[in-house]
Amino acid sequence: MQTKTDIRRLLADAGLRPNKKLGQHFLIDGNLMRKLVTSAELRPDDVALEVGCGTGSLTQELAAGAGSVIAVEVDRGLAAVAAAELATLPNVSVLHRDVLAAKHRIDPVVLDSLAVARHRLGGRAVLVANLPYQVASPLMINLLIGPVELSRMCFTVQKEVADRLFAQPGGAEYGPLSIIVRTLSEAERITNVPPQAFWPRPRVESTMVRLDPSPDRRREVGQPDHFAFVVRTCFLHRRKTLAHNLTAAYGADVTMSALAEGAIPPQTRPEELPPPAWVQLAKRLRTAGLHTP
């Protein structure tokens, strides 16, 4: 496990510095890193996905417990450092990629790598990562609704992201992340992470979270990508009513019929609707014969 001194040396030797625009804050607290790995309960036939592997410190811990580790790093310099540090570990693959090929799509190379490794090992796919702030929310959503079903997701994010994840209906923090995560998984706060656990120190606190995606809930939703589209569409203009937002995507007749069938007043705003009601609303819209635009 790399110390702060180790990381600074590795960066200096490569002529690199932490990139604030990419949200590079390296987790240097060994106890918290082990807590994150322990929460994943890795098995020898698991494939672990790490997003934002940095210099490979967490990756080394994951390689000791998982059968395969797919480490993704968008920064070219850091990816090269990690590849060199992890070269002796045969079960680690470092991908210099942006994990998000688009806002609502995981990079296909990452997905293919996960699928191939999972097929070879026969075990679970899990996410274990200190997530960069910029990708945290869309990554969680896209992994939950994507084609490769993960069995567990253990990660560190900024506290404000975690607060949105656990937000209740009616509040300003309640939105697509809250609804999609709570609909498709069981969520648990593992522990809070203070700024001094990172180098460089961020100006905000972080939170360690565990998600256990539910295959039963996924089947209940039916088409997770369509469900996510409905939720996202309605929150594009959260100050507008559900009727206004859905009419733009589905037309007035289908929208008013779907709302009436669910006894949802047309003037209801997106933040007022609880997760179960979103599931039924998306189903009614799908039953109307419409596909995700």
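Predicted model: local features only at pLDDT ≥ 70, side-chain atom pairs only at ≥ 80, totals over all residues.
Let's start at Ala263, which counts as exposed at 66% relative accessibility. Ala263 sits in the loop between α12 (252-261) and α13 (275-287).

**Backbone features in loops**

What sets such spots apart? Most residues other than glycine have a negative phi, and most peptide bonds are trans. Glu41 also has a positive phi, of about 50 degrees, without being a glycine. You will find Glu41 in the loop between α2 (30-40) and β2 (47-51). Glu41 counts as partly exposed because its relative accessibility is 46%.

Where is a cis peptide bond? It joins Trp199 and Pro200, with omega at about -10 degrees. Pro200 belongs to the loop between β10 (198-199) and β11 (206-213).

**The sheet and a helix that packs on it**

Now follow the strands. An open sheet is built from 7 strands, in the order β4-β3-β2-β7-β8-β11-β9, with mixed pairing. At its edges are β4 (92-95) and β9, each of which pairs on one side only. On average, neighbouring strands of this sheet are turned by 20 degrees against each other, direction ignored.

Within the sheet, β2 and strand β7 (residues 125-130) run parallel and are joined by 3 bridges. Val47 stands opposite Ala125 in β7. Helix α2 packs on the sheet and touches β7, β8 (152-158), β9 and β11. The direction of α2 makes about 150 degrees with that of β8.

**Salt bridges**

Side chains of opposite charge can pair when their charged atoms come close. How many salt bridges does the count come to? The total is 12.

| Residue | Partner | N to O distance |
|---|---|---|
| Lys159 | Asp163 | 3.0 Å |
| Glu186 | Arg217 | 2.4 Å |
| Asp216 | Arg219 | 2.2 Å |

Take Lys159 and Asp163: they are 4 residues apart in helix α7 (residues 159-165), so about one helical turn separates them. Lys159 is partly exposed, with a relative accessible area of 30%, whereas Asp163 is buried, at 16%.

The salt bridge between Glu186 and Arg217 links distant parts of the chain: Glu186 is in strand β9 (residues 185-193), Arg217 is in helix α9 (residues 215-221), and they are 31 residues apart. Glu186 counts as partly exposed at 46% relative accessibility, and Arg217 is likewise partly exposed, at 26%.

Helix α9 also holds Asp216 and Arg219; being 3 residues apart there, they are separated by about one helical turn. Is Asp216 buried or exposed? Asp216 is exposed, with a relative accessible area of 53%, and Arg219 is exposed as well, at 59%.

Finally, back to Glu41, the residue with the positive phi of about 50 degrees.

Notes
Residues numbered from 1 in each chain as written. Heavy atoms only, no water. Helix = DSSP H or I, 4+ residues; strand = E, 2+ residues; numbered from the N terminus. Buried < 20%, exposed > 50% of the residue type's maximum accessible area, 1.4 Å probe, protein only. Salt bridge = Lys/Arg side-chain N within 4 Å of Asp/Glu carboxyl O. Pairing = 2+ DSSP bridges. Axes fitted to C-alpha atoms, helices over the stretch in contact; angles between N-to-C directions. Contact = heavy atoms within 4.5 Å.
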